[in-house]
Amino acid sequence: MNIRPRFFIGAGLIILAIGYLIGNAMRTTSEYYLTVNEVAARQSELGGEALRVAGRVKPGTVNWEPNTLTLKFEIVPIPELDTGAAPIKPVVATEPVSTEPVSFSVVAAGEPKPDMFAPGRDVIVEGKLGAGGVITATQVMTSCASKYKPKQAQ
Amino acid sequence: MPQLGNLALAIALILAVYSIFANIYGVRRNAPDFIVSARHAIWSMCAMITIAVVVLWVALLRSDFSLEYVASYSSTTLPTAYKFTALWAGQQGSLLLWAWLLAIFTSVAAFQNRRRNPDTAPYALAVLAGVAIFFLWMLNFVTRPFDLLAVIPAEGSDLNPLLQNYWMAIHPPSLYTGYVSASVPFAFGAAALITGKLDDGWIRSTRRWAIFSWFFLTLGNIFGARWAYEVLGWGGYWAWDPVENAAFMPWLVMTAYLHSVMIQERKDMLKVWNLSLIGLAFGLTLFGTFITRSGVISSVHSFTQSGLGPYFLSFLIAVTLAYTGLLIFRSKQLRSPAEFESYLSREAAFLFNNLILVGITFAVFWGTIFPVLSEAVRGVKITVGPPFFNRVNAPLALGLVFLTGIGPLIAWRRTTPDNLVRSFAAPVAIGVATGILGAVAGLRQWYVLTAFSLAAFVMGTVLVEFRRGMNARRHLLNEPRAKALANLVAKNNRRYGGYVIHVGVIIAFIGIVGSSFFRTEVKKSVHAGDSFTIGSYTLRFLGFSEVDTPHLDSATARIEVLGRDGREITVMTPAKLFYIRPQQPATLVAIRSTPVSDLYVVLAGIDDSGKTATLEVFLTPLVFWLWAGGLLMAFGTVIVMWPNVRERAAIATVLSRSSSDPNELADLVGPGGH
């Protein structure tokens, strides 16, 4: 207001510098955050991109080798009913929807298995999508709820 | 019993509503009876919420699983201390704790202002009661802590193992205390806007509240980081997770606020800025609760997703609109006649420090909500992780540290080049010498060298300040050194406490830089008898021991740690826990902390045969100093908050409306010099 114009220059420079830092960091560090279904729909354009994929560990696919710290499993979409979120906008299908449920193999090497990791749990996989639909993960994070529901009899 | 809790919350809501009407009617019609009645209503509201809290505590301690809350967050085998802390483990309890703290602070503010601020206090208390109404509304109608279960389970689902930890017991109350106490200065700021009494009375009346809030926000963040460090087992303490950011942003804004109010008190400038900052700080406390409770932004911690989002968002928008409206309505009266005179002035340094702090806040905010924004705008979620926050904030932190050194030494209004040289020659020399020493010692990263040099520079400025003040007292009052130092701090606690906080910040900064740049890590799968090295340590895995209790099973690895000379230093015992009730494993980290570095051992896994352990070991230099710096910051804040006779007199003067501008020397020497 009553700050002299040359203070606007100083303040402006600081604001510009902060804006530049933010913009620059955005360009170099942002990654897609996708569901398994979204990865499937955009598979062709995502090769080599940094990704975070939210999915569910498919039971019966987990393979953990403690000696090499290698964790392999498949992720499948999280059923929408479970998330309680509004339905995700449908991806426009260009091909007929296959009846085979979508899944991706995940290979995480060099990291210990997270405590909460278990078949059927929801996980966030950070890594890159390689050829053949294998996600090479740098990190596997399990989402932990602060509240537990007792296991339901299946 | 649960009915008593519900009843108490209902009465509290009615009392909150009544107190608003009584306060506003009382101040408008000049009816002191109503003001008194409103005060009593606030105190009664506090008593009612206290009853509700006690009822919930009793239910938790008695494992009364007819309450859904108790059944969800406790169990019969949960240790008693955690039954106590389960009060804030879940959403309903957290909101109840929030409402309770708010009621307590409102009651204290009502008591403090029973004779002070007769024009503005009723409005401020009405604003606080308005906030209380929001929380009480939620507790009465949306997320009720005393809901009963139709079928009473024999056993509860237990508290999340991650929360069964000492730090998690004290982190949420600290943070909430910091969050909630920020609403007191906010309410007085809003009252200043409503009444048009726009001098700095509202700042001075609530200065201690702002520092109190900052104190607990600082502790809350430090405790949270310490919890992450000890419990999550990844060797770090801060991951820029949305939940963490939500706690960090109000701290940043309150830090900016505590500095910029000094400019208004001194120079009657930046009125709009200060009112905006306190509004922002309050808004961010609501925003923090909104993002942690709404599930809008996915967090690794991913706390309860619930339907609370829309309520918090509506309240946040309503508060923002009302407050911004008030600011615009009063904008003409908020113009200040004073001006900035020179770049080389303390107010300029403070202004730039404010811009950087708010800039960091904005960057953190942007990174936190970007996934939501990008999804709304481009239809695809794009997220930024820790690299984003580090890349933006690392340079800004350097700027901030630099200004930490400049601000306190530079004079108000303007400084002559002569003065500059005299004040800064020694600190600059110390900083440069540190940089050269670091380079000679083999440090090559430019960031680390700059950071350590700047840190040394700031330490130098603080030393110069203490020396200058001590010498002034010694010469003017003939006090011996030690007495001069003690009196200097005691008589100018606000200023020298501030310097102690600065030293704490710098020490914590050194800890952050050291632990971020020099951490090393080894991951190994080992059999009993195997050994491996990290840094100068040799670690040998001796074997497992297992203990089973009804609450949890544990497998503890025994690891012998040998020093460079092959002598045993200690045996570390990281463990893998398995909590029976939630059927969930957890990790117990073993840490050997020294000022030089922390040895951090995680038992990451045990193979099925029970012979092989997967160990993850981190060697993190200087991380000790992060916690030490944090404690020093808290200690400095206590010095600042310590009651001071001179300041009370100053408040009395301001409140009786004659402005004073004590000069620099009086500041240094204190009342003894007159």
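In this predicted model, Asp158(B) is found in the loop that runs between helix 6 (121-142) and helix 7 (166-181) of chain B.

**Loop residues with positive phi**

- Asp158(B) has a phi near 80 degrees, which is a positive value in a residue other than glycine.
- Asp158(B) counts as buried because it has 26 C-beta neighbours inside 10 Å, the cut-off for a buried residue being 20 or more.
- Leu622(B) is located in the loop between strand 11 (613-621) and helix 20 (623-641) of chain B.
- The phi of Leu622(B) is near 65 degrees, again a positive value in a residue other than glycine.
- Leu622(B) has 22 C-beta neighbours inside 10 Å and therefore counts as buried.

- In helix 18 (residues 481-491) of chain B, the buried residues are Ala484(B), Leu488(B) and Lys491(B).
- These residues lie on the same side of helix 18 of chain B, because the arc they cover around the axis is only 90 degrees.
- The partners against which the buried residues of helix 18 of chain B pack are helix 17 (446-477) and helix 19 (493-517) of chain B.

**The pairing of helix 17 and helix 19 of chain B**

- The axes of helix 17 and helix 19 of chain B are 10 Å apart, and the two helices pack at an angle of about 165 degrees.
- Helix 17 of chain B is therefore roughly antiparallel to helix 19 of chain B, since angles over 145 degrees count as such.
- The crossing of helix 17 and helix 19 of chain B is left-handed.
- On helix 17 of chain B, the contact is made by Val448(B), Ala451(B), Ala455(B), Val458(B), Met459(B), Val462(B) and Glu465(B).
- On helix 19 of chain B, the contributing residues are Tyr499(B), His502(B), Val503(B), Ile506(B), Phe509(B), Ile510(B), Val513(B) and Phe517(B).

**Nonpolar cores**

- The largest nonpolar core holds 219 residues, of which Met45(B), Ala99(B), Leu102(B), Ala132(B), Phe135(B), Ala281(B) and Ala455(B) touch the most other members.
- Ala455(B), one of these residues, also takes part in the contact between helix 17 and helix 19 of chain B.
- Leaving aside residues up to four places away in sequence, Met45(B) touches Ala12(B), Leu15(B), Ala16(B), Ser19(B), Ala103(B) and Ala132(B).
- Another core, of 23 residues, lies apart from the largest one and includes Leu34(A), Val39(A), Ala54(A) and Phe73(A).

Terms used. Residues numbered from 1 in each chain as written. Chains lettered and ligands numbered in written order. Predicted model: local features only at pLDDT ≥ 70, side-chain atom pairs only at ≥ 80, totals over all residues. Core = buried A, V, L, I, M, F, W, Y, C linked by C-beta atoms within 7 Å. Buried ≥ 20, exposed ≤ 12 C-beta atoms within 10 Å, placed from the backbone. Contact = placed C-beta atoms within 7 Å. Helix = DSSP H or I, 4+ residues; strand = E, 2+ residues; numbered from the N terminus. Arc of directions from axis to C-beta. Axes fitted to C-alpha atoms, helices over the stretch in contact; angles between N-to-C directions. Parallel < 35°, antiparallel > 145°, perpendicular 65-115°, else oblique. Left-handed = near helix turned anticlockwise from the far one by under 90°.
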